[in-house]
Amino acid sequence: MSSVVSYLPGSAAVPSATAAEIQRVFERQRETAIRLRTSTAQERIAKIRRLCDAMMTYRQQIHEAAYLDFKKPPAEVDLAEVLPVVSEAKHAMRALKKWMKPKGVWPTSLTIGLKSWVQYEPKGRCLIVSPWNYNVNLCFGPLVSCIAAGNTAILKPSEMTPHLSALMAKMIKELFPEDEVALFEGDVSVSTELLALPFDHIFFTGSPAVGKVVMAAAAKHLTSVTLELGGKSPTIIDETADLALAARTLMWGKYTNNGQTCIAPDYVYVHASKKDAFAQECIKVIEECYGKSAKEQMASPYLARVVNQRHTKRINALLTDATQRGARVLCGGEAVENECFIQPTLLDDIPADAKIQSEEIFGPLLPIMPYTDLDAVIAAINAEPKPLALYIWSRNEANIQKALKSTSAGGTCINHCVVQYAHGNLPFGGVNNSGIGNAHGEYGFRAFSHERAVVRTRFMMARTLFPPYTKFKSRMLDIMIKTQ
C-alpha cells in the first residue's frame with residue numbers, strides 16, 4: 001500500500017459513456033452473440049482464465065483503488081473481492097464441460113418412443129449491473145457465469161466507487177474485444193440508457209427499490225432477469241447458543257466492509273436471559289478488532305469507511321432517530337460525517353416506530369432485541385418482506401428446525417453467518433423482495449443459459465392418435481387418461 005498516501009473519498013471523476021457509444025457496442029455484440037452459440041468449452045475457459053489471471057496481476061491495484069474509494073483494508077479486499085472471483089473462475093474452468101453437456105431425460109408414459117434432452121444454449125447479449133459495496137466481485141463474478149454460458153456482456157459498475165470502476169474499465173479493455181465484453185462507466189443516466197435496450201438477460205445486484213426499476217425496464221422487452229437484492233436480514237440467538245462464538249462470528253459478518261454488505265446481519269433477536277451477556281461479548285470483540293474509542297477506531301487499518309458522505313448522513317440519521325425515540329447506545333454512537341466515519345454501534349431498547357426498524361441499515365449499526373417467545377420472533381420475521389439471509393444460533397435442534405421451517409429467506413446459516421455466499425455448489429439468491437433467481441457455480445451458468453427442450457423421434461406412436469378421431473382412437477384416449 002506504499003503508493004497510497006491519503007484517503008480521498010470521491011476524488012476520482014467518473015467519465016460517462018454516451019448514448020451513441022452504448023448503442024454502437026450493443027449492435028456490435030449482436031453478431032458476436034450469434035457466433036458464440038457454437039463456442040466450445042475450451043474457448044470459454046480461455047476467456048475465463050484471462051479474467052482469473054488478471055485478478056492476480058491487478059491484485060495490488062485493486063487493493064489501492066478500494067482504499068481510495070472507502071478505505072477498505074487489503075485483507076478484506078482479498079477476502080471479499082479477489083478471492084470470490086478467482087474461486088468462481090476456477091470452479092467454472094473445472095466444471096464447465098460437465099455443465100455444458102446436454103442432460104438426458106427419461107420418457108414419461110405419454111412420450112415412450114421419444115429421445116429427449118435438455119440442451120444449454122447462451123441467452124445472447126447480457127447486461128451486468130454491479131453495486132458499489134463489492135464492485136469487483138459483484139461485476140466480475142457474474143461475468144464468469146456469463147462467459148461460461150457463451151454470452152456477450154456489457155458491464156455497468158457503480159460510479160460511487162470511482163477508482164475501482166476506472167480500474168475495472170482498464171482491465172476489461174485489455175482483456176476482451178468490445179464486441180464480446182464491454183464496460184461503460186457513468187451515473188444513473190448511463191444505466192437508464194442501458195436498461196432501455198433489448199438485452200436477452202439482465203443480472204442486477206443492488207437494492208430492492210432499484211431492482212423494481214430494473215425489472216420494470218426489462219418487462220418492456222420481456223427480458224429475463226436475475227435480481228440479487230437485499231433487505232433486513234435477521235439473526236436469532238436462543239438461550240442455548242455459544243455466545244462467545246456467536247459474538248465473534250456475527251461481529252465479523254456485520255462489520256466487514258463496515259456493515260455495507262447485503263447479507264450482513266441487520267438486527268439480532270437474543271433470548272432475554274442471554275441479551276446482556278451477548279452484548280458484552282460483542283463489545284469485547286469490537287474493542288479487540290477495531291479499538292475502544294472513536295479515535296482508535298478511526299485510525300484502525302481494519303475498518304472500512306462508509307462509501308460517501310450522503311450514505312454517512314443517511315446512517316447517522318437512522319442512529320439519531322432511534323436515540324431520540326429512546327433507543328440506548330450500548331457501544332459506539334459517534335459519527336464524523338465529513339470523514340465518512342460512524343463507529344461500530346450496538347443499540348438496545350429500540351422503539352417499534354424507529355426508522356431503523358423498517359429500513360435496511362447497510363452500515364455499522366446493529367440493533368439487539370430481547371425475546372422470550374420464539375414463536376413471536378418467527379411471527380415478527382414473517383410479517384416483514386422475505387430477507388436475503390437469516391441466521392440461527394442454537395444448540396437446540398427443535399429450535400433450529402422450527403426457525404428454519406417456519407420462515408422463508410434466500411439463504412440461512414446455522415451457527416455461522418455470511419459464508420453461504422462463499423459456497424460455490426449452493427445457489428445464492430433471494431426470494432421475492434430479496435431477489436429473483438440464483439448465482440454461483442452451475443446455478444450461475446444456468447442463470448445465463450436457456451434450457452432448451454429437445455425431442456427426437458425414434459418410432460412414431462403419436463400418429464395412432466392423429467385425425468380422424470375414430471371410436472377406436474377415442475377408446476385409446478380413455479384408457480390413456482385412466483392409466484396415467
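Q: Three strands form an open sheet here; what order do they stand in, and is the pairing parallel or antiparallel?
A: The order is β1-β2-β18, and the pairing is antiparallel. Strands here are DSSP runs of E of at least two residues, helices are runs of H or I of at least four, and both are numbered from the N terminus. Two strands are taken to pair if DSSP finds at least two bridges between them.

Q: Before I go on, what sort of model is this?
A: It is a predicted model, in which local features need a pLDDT of at least 70 and side-chain atom pairs count only at pLDDT 80 or more, whereas totals for chains, interfaces and linings use all residues. Residues are numbered from 1 along each chain as its sequence is written, and side-chain values use heavy atoms, with hydrogens and water left out.

Q: Back to that sheet: which strands stand at the edges?
A: The edges are β1 (103-105) and β18 (449-457), and each has a single partner strand, so one side of each is left without a neighbour in the sheet. Neighbouring strands are turned by 30° against each other on average, with direction ignored.

Q: How many bridges join β2 to β18, and what stands opposite S449?
A: Nine bridges join β2 (residues 114-122) to β18, and the two strands run antiparallel. The residue opposite S449 of β18 is P122.

Q: What about the sheet of six strands, what order is that in?
A: That open sheet runs β5-β4-β3-β6-β7-β17, with mixed pairing. At its edges are β5 (181-183) and β17 (435-436), each of which pairs on one side only.

Q: Which helix packs on it?
A: Helix α6 (residues 162-175) packs on the sheet and touches β4 (152-156) and β5, its direction making about 155° with that of β5. Contact means heavy atoms within 4.5 Å, while angles run from 0 to 180 degrees between N-to-C directions, with axes fitted to C-alpha atoms, for helices over the stretch in contact.

Q: And in what sense do β3 and β6 pair, parallel or antiparallel?
A: β3 (residues 125-129) and β6 (residues 201-205) pair in the parallel sense over four bridges. Within that pair, L127 stands opposite I202 of β6.

Q: At what angle do α3 and α6 pack?
A: Helix α3 (residues 59-70) and α6 pack at an angle of about 150°, and their axes are 7 Å apart. They are therefore roughly antiparallel to each other; angles over 145 degrees count as roughly antiparallel, those under 35 as roughly parallel, 65 to 115 as roughly perpendicular and the rest as oblique.

Q: Which residues make that contact?
A: From α3 they are Q61, I62, A65, A66, L68 and D69, and from α6 they are P162, H163, L164 and L167. By class there are seven nonpolar, two polar and one charged, where Ala, Val, Leu, Ile, Met, Phe, Trp, Tyr, Cys and Pro count as nonpolar, Asp, Glu, Lys and Arg as charged, and the others, Gly among them, as polar.

Q: Switching to α2 and α4, how far apart are their axes?
A: The axes of α2 (residues 41-57) and α4 (residues 74-100) are 9 Å apart, and the helices pack at an angle of about 170°. That makes α2 roughly antiparallel to α4.

Q: Is their crossing left-handed or right-handed?
A: The crossing of α2 and α4 is left-handed, a term that applies if the near helix is turned anticlockwise from the far one by less than a right angle, while clockwise gives right-handed. The contact includes I45, I48 and C52 of α2 together with V82, V85 and A89 of α4, and its residues divide into 14 nonpolar, one polar and five charged.

Q: How do α9 and α10 cross?
A: The axes of α9 (243-255) and α10 (residues 275-290) come within 9 Å and cross at roughly 50°. The two helices are therefore oblique to each other, and the crossing is right-handed.

Q: Anything on backbone geometry, say where a cis peptide bond is?
A: A cis peptide bond joins P467 and P468, with omega about 5°, and P468 lies in the loop between β18 and α16 (471-482). N257 has a phi near 60°, a positive value in a residue other than glycine, and N257 is found in the loop between α9 and β9 (267-271).
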